[in-house]
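Visitor: I have a new structure to read. Could you take me through the main features, one at a time?

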Amino acid sequence: MLGRSSSIGLLLRLTAGQSHAMLLRHRSLGSISACQSQLTALGVPVISPDSADYDSATKIYNPAFADKHPAFVARPSTIDQVQQCLRTATKNAVRVAVRSGGHSFAGYSSIGAGGFVLSLDGMKSIEWVGDRLKVASGCSWSEVYAKVEPTNHIIVGGCCPSVGVGGYVLGGGYGLLSRRYGL
């Protein structure tokens, strides 16, 4: 006799269309709640749909993806917490969308109810190390420019001040000064 997870897997392979999506969603929601509980127990701040902050935490800038509503938003503030989020998601087979600022034109920082958003906006630090600037991935370009403006330095960065540094860099890092100074 097949166990429950085996029979679900068999049903997923034999069914098509809407039934397939419903079974998959049902299975991942169980993993989602376990994932959320484990992250909360590990001390990672989590924003759920019933939280007052959920709408602002899930706001995205491309209306084409406005229908995507994650099961929850994790807001780590340390590298260790980011690693805990990714390990927990992997262990529970839950999809993750990483968000630095939420500006991904292609929707990479958005995900539906079958996963959660790992928001890096709790990781904001900007510090000078010699003549170089060390910037955490949760910072926006407006925060970086505010730090650089009083100095005699220039930074090759994004032209939209509310874009997150992490997504900008991972997206190629091309800005207005890139032709002259490189990436």
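Guide: We will go from the overall layout to the sheet, the cores and a few single residues. Keep in mind that this is a predicted model.

Visitor: How many helices and strands does the protein chain have?

Guide: The protein chain has seven helices and six strands. From the N terminus on, the elements run α-α-β-α-β-α-β-β-β-β-α-α-α. Of the 183 residues, 34% count as buried.

Visitor: Now the sheet. What holds strands together, and what is the order of the four strands in the open sheet?

Guide: Strands of a sheet pair through backbone hydrogen bonds, either parallel or antiparallel. Here the order is E1-E2-E4-E3, and the pairing is mixed. Strand E1 (46-47) and strand E3 (95-99) are the edges; each has a single partner strand, so one side of each lacks a neighbour in the sheet.

Visitor: In which sense do E3 and E4 pair?

Guide: E3 and strand E4 (residues 115-119) pair in the parallel sense, over five bridges. For a landmark, find Arg99, which stands opposite Ser119 in E4.

Visitor: Which strands does helix H4 lie across?

Guide: Helix H4 (residues 79-91) lies across strand E2 (73-74), E3 and E4. H4 runs at about 170° to E4.

Visitor: On to the cores. Which residues of the largest nonpolar core touch the most other members?

Guide: The general idea comes first. In soluble globular proteins, nonpolar side chains tend to be buried together. The largest nonpolar core here has 15 residues; Cys35, Leu39, Phe72, Ala74, Cys85, Phe116 and Leu118 touch the most other members. Helix H2 (17-41), H4 and E4 each supply at least two residues of this core.

Visitor: What does Leu39 touch?

Guide: Again leaving aside residues up to four places away in sequence, Leu39 touches Val44, Val46, Phe72, Ala74, Gln84, Cys85, Thr88 and Phe116. There is also a second, separate core of nine residues, including Ala136, Trp141, Val148 and Tyr168.

Visitor: Which residues of helix H5 are buried?

Guide: In H5 (residues 141-148), the buried residues are Trp141, Val144 and Val148. They cover an arc of only 60° around the axis, so they sit on the same side of H5. Among the elements that cover them are strand E5 (126-129), strand E6 (132-135) and helix H6 (165-170).

Visitor: How do E5 and E6 run?

Guide: E5 and E6 run antiparallel, joined by four bridges. Glu127 stands opposite Lys134 in E6. The two strands form a hairpin with two residues between them. Gly130, in the turn, has a positive phi of about 70°.

Methods
Residues are numbered from 1 along each chain as its sequence is written. This is a predicted model: local features need pLDDT of at least 70, side-chain atom pairs count only at pLDDT 80 or more; totals for chains, interfaces and linings use all residues. Side-chain values use heavy atoms; hydrogens and water are left out. Two strands pair if DSSP finds at least two bridges between them. Contact means heavy atoms within 4.5 Å. Axes are lines fitted to C-alpha atoms, for helices over the stretch in contact, and angles run from 0 to 180 degrees between N-to-C directions. A nonpolar core is a set of buried Ala, Val, Leu, Ile, Met, Phe, Trp, Tyr and Cys residues joined through side-chain atoms within 4.5 Å. Buried means under 20% relative accessible area, exposed over 50%, partly exposed in between (1.4 Å probe, protein chains only). The arc is that of the directions from the helix axis to the C-beta atoms.
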